[in-house]
Structure formats: C-alpha cells, structure tokens
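Here's a quick tour of a few residues and an annotated site. Have the model open while you read.

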Amino acid sequence: MILSGKRVLLIVGGGIAAYKALDLIRRLRERGAAVRCVMTAAAQEFITPLSVGALSADHVFTDLFDRQDEQDVGHIRLARDTDVIAVAPATADLMAKLANGLANDLASAVLLAADRPVLMAPAMNPKMWAHPATRRNRATLERDGIAFVGPGRGEMAESGEAGEGRMAEPLEIVASVEALVAGGGRPLTGKKIILTSGPTHEPIDPVRYIANRSSGKQGHAIAAALAKLGAEVHLVSGPVTIPDPAGVRTIHVETAREMQAAVEKLLPADAAVFVAAVADWRMADSAGEKIKKVAGEGPPALQMVENPDILAGVGHHRNRPALVVGFAAETQNLIANAQAKLNKKGADFIVANDVSHGGGKAGVMGGERNRVRIVSKAGVEEWPEMSKDEVATKLAALIAEKLGAAGG
Ligand SMILES: Cc1cc2nc3c(=O)[nH]c(=O)nc-3n(C[C@H](O)[C@H](O)[C@H](O)COP(=O)(O)O)c2cc1C
C-alpha cells in the first residue's frame, strides 16, 4: 500500500473529463491516501465543489484570494503540505500556464509554488492536443520534471470526435501517482538494470529469417520508465522499427545468441528484465547463400535446433542479479505456464500476458494496450487493462519497490 498515509493534492481543471476526477478521489482514498482538492473556476462548470468535498472529506479550495483559506492554509502551504500533486484533468490552459510560469489563479499559483513531484493527466480535444503550442508546452513541462500519464486514444465526449486526447483512466492515474510517491522521484538512482526487448530474427539464409510479431513497444516503454526513476538502463533490443528510448543505453542485436552474449557481458547488475520475445528455435545451419527454388524439388526441409534460454541462464547464473523478471506471452493456460516458468527459470516474478488475440492494433503483440498478471511465489496479481506506457510505469514502480525490499 504505497499510498497509505500519503497526502495527494488533486488539482481539477475545467474539462469534460472532470467527472473522472470524482472516481479518482475514491480510488486514491481506497488506497489510504488523504486527498485534498483544488478546483479551477472552469472545473466548477463541470462538477461541483460539493461532490468533490463529499468524496475527499476535506474542504475544497477554489479561490486564490479567499481571505479565510489564505489565512488558514494559504496557497504556498497547499503546495507544500502534500507528498505529491496530481492535475486531472490537466487542461491545455493549465499546461500552458505552468509551462510559461503564469500564476493568476489558485491552481496555477499552487503549481508554480510547488516543490513536490507533479503528475499531469491531460485531457482535451485531439486537435488541441496535437497543436504545436500544446506539444511545446508538454516538452517544456517534461524538461522541468513534470510527469505525465496519458492521454490515450479513443472516443471523445464530444460526439463524432476521436483520437489522442482522452484522459487516462483513474486506475492508470493512481498507478502513476504510486510510482511518483514510491520514488520520491528517482528511487532507482545507482541501480544498473538490464532489459531485453523486441523480437529476435533467426536467419534461414542471407535474405530470409524466422521472426515473431513483437514490436518492442512494451519493453522499450519499461526501459524508459525505469530510466525515469533514475536507473542506469542497458537495453538489449532485437530488430524493431521504434526509436531507442531516451536516457537508455541501447545495444542492437539480431539473433537469440547475440542477445544472450550481450546480456551476459552486461552482468553483474541489480536487476534484469526479460521482455524480448526470443525465438525458441533457430536453423541448425543457416545457408550461406540464398536457398534457390528448384523446379520439381519442393520446399526445403528446415532443420531447427533450440536457442539458448536467456532468462533461465541469468536466473541461475553465479552473478544472478538480485531481481530477475521474466515475461510470458501465452495463448493458453496462461497462469499455469507462467507458474511453471517461474520455477524452471529462477525468476522472482513473471509478467504474464495473453497474446491469443493475434497481432496488429487489436492484439497485445504490436498493439497499444496490455493486460497483465504478475505471477510470483506469493500468488497472482491481476492488473486492469492499461496502455503499454501505464503498464511500464506501474512495473517500474514495482521493480523499485522490490529492489528496495531486497536491501538496495
Ligand atoms: C464544454 C467544454 C468542454 C471543454 N473541455 C476541455 C477539455 O477537455 N480540455 C481542455 O483543455 N479544455 C476544455 N475546455 C476549455 C476549458 O474549459 C477552458 O480553456 C478553461 O479556460 C480552462 O480553465 P482551467 O485550465 O483553469 O481549468 C472545454 C470547454 C467547454 C465549454
């Protein structure tokens, strides 16, 4: 219970997604957090201070020049008497104000006076989100150390509008708040973490290869999330079409054997996270020349041999990291297979995901969203469906917690 006894200052901006802030308050309080709320004038056009106050069980702050509030608490103390500040929904306007140092109402004055971690959950029309001004503001805020969750893609509240701009769901926001609180910012500073991501390509001949549908999106997102928490991340990536994550040292490999050699060279480390979809088999002998189609001879028989098991190799290595995490992509018997993998491979926990829905946008492999279960000796923890970035944030927080517990 990372949030137990923690104070969250929730700033509610004026967007249609403000109604989700009500559920967010409940979710935060369920986890033991004390939630205090600031509402902008625009926010009060969408939801009332009455319902926000009832759910937060605290006074709701709305006015920079409220004599009583300024005397009792004051905007500076509002900004300081908290462990973390969440802005949900973060309007284009609030982002613009903070990016430019404006402070002409209570919400913006509190944000400017804050020296605590700040999380923004933007929500706006896709055109507003895509506007160069908003993109500039987001980049500025990120450089200033503001954390973001979402927005996701989907239907907007306005009928007929769809695209990127939908506020992250309350549970995703909670996961990001937990990550911020767990770390006080950068809890993994000084920790070396090895991570594998993407598929491997196993050559059949110089032009053909055996591959799988892994895009590397989930693994790369985890590498970025670990780096944001301060870890020194060494990413060993199979062939992918996405860019190297910022703040991470990336080594590019092609085959399972190259991936294994790169990983073992990086040992010792504090943790190793194996997200890559490594091919189980490779060709016994890959042909030096392109295999020719010969009329009347039919297709060649492909003779395969087993690839090294990189996870098991590190799980049982004499230089085994304190924390070893595996991924299990299964199409059936998800939990039983993950549990078997846990023991056989010497992993501390397995992140299991069901990939039976195939590839492409709708499926896990290549898609944008993921629903995982954490399988450890202690049992199985189900996480709700989230974007891959949110899974990454939550997993990075869990890794930080486990490494802390391991005495680091
Ligand atoms: C019906 C309606 C819906 C709105 N939804 C959003 C929204 O989702 N995101 C946003 O950034 N602004 C939205 N706006 C515009 C903001 O309410 C407006 O920019 C306001 O000044 C924001 O104030 P605040 O940032 O102090 O909360 C909406 C306005 C209206 C009238």
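V375 sits in strand β20, which covers residues 372–376. Keep in mind that this is a predicted model. Is V375 buried or exposed? There are 25 other C-beta atoms within 10 Å of it, so V375 is buried.

Who does V375 meet, if we skip its neighbours within four places in sequence? The contacts are I335, A338, Q339, L342, F349, I350, A352 and V380. As for A179, it is 196 residues from V375 in sequence, and the C-alpha to C-alpha distance is 20 Å.

## The annotated binding site

Now for the record. An unreviewed UniProt entry lists D280, K290, P308, D309, I310, L311, F327, K341 and K345 under "binding site". These positions span 66 residues in sequence, and the farthest two C-alpha atoms are 36.9 Å apart, so they do not all gather at one spot.

## Two of the listed residues

Take D309, one of the UniProt positions. You'll find D309 in the loop that runs between β16 (304–306) and α12 (310–315). It has 17 C-beta neighbours inside 10 Å, so D309 counts as partly exposed.

K341, also listed by UniProt, belongs to helix α13, residues 334–345. Because K341 has 20 C-beta neighbours inside 10 Å, and 20 or more is what it takes, this lysine counts as buried. Leaving out residues up to four places away in sequence, K341 touches G326, A328 and I350. I350 turns up among the contacts of V375 too.

How values were computed. Residues are numbered from 1 along each chain as its sequence is written. This is a predicted model: local features need pLDDT of at least 70, side-chain atom pairs count only at pLDDT 80 or more; totals for chains, interfaces and linings use all residues. UniProt positions are given in the numbering used here, feature names are shortened, and annotations may be inferred rather than shown by experiment. Helices (H or I, at least four residues) and strands (E, at least two) are DSSP runs, numbered from the N terminus. A residue is buried if 20 or more other C-beta atoms lie within 10 Å of its own, exposed if 12 or fewer, and partly exposed in between; C-beta atoms are placed from the backbone. Two residues are in contact if their C-beta atoms, placed from the backbone, lie within 7 Å.
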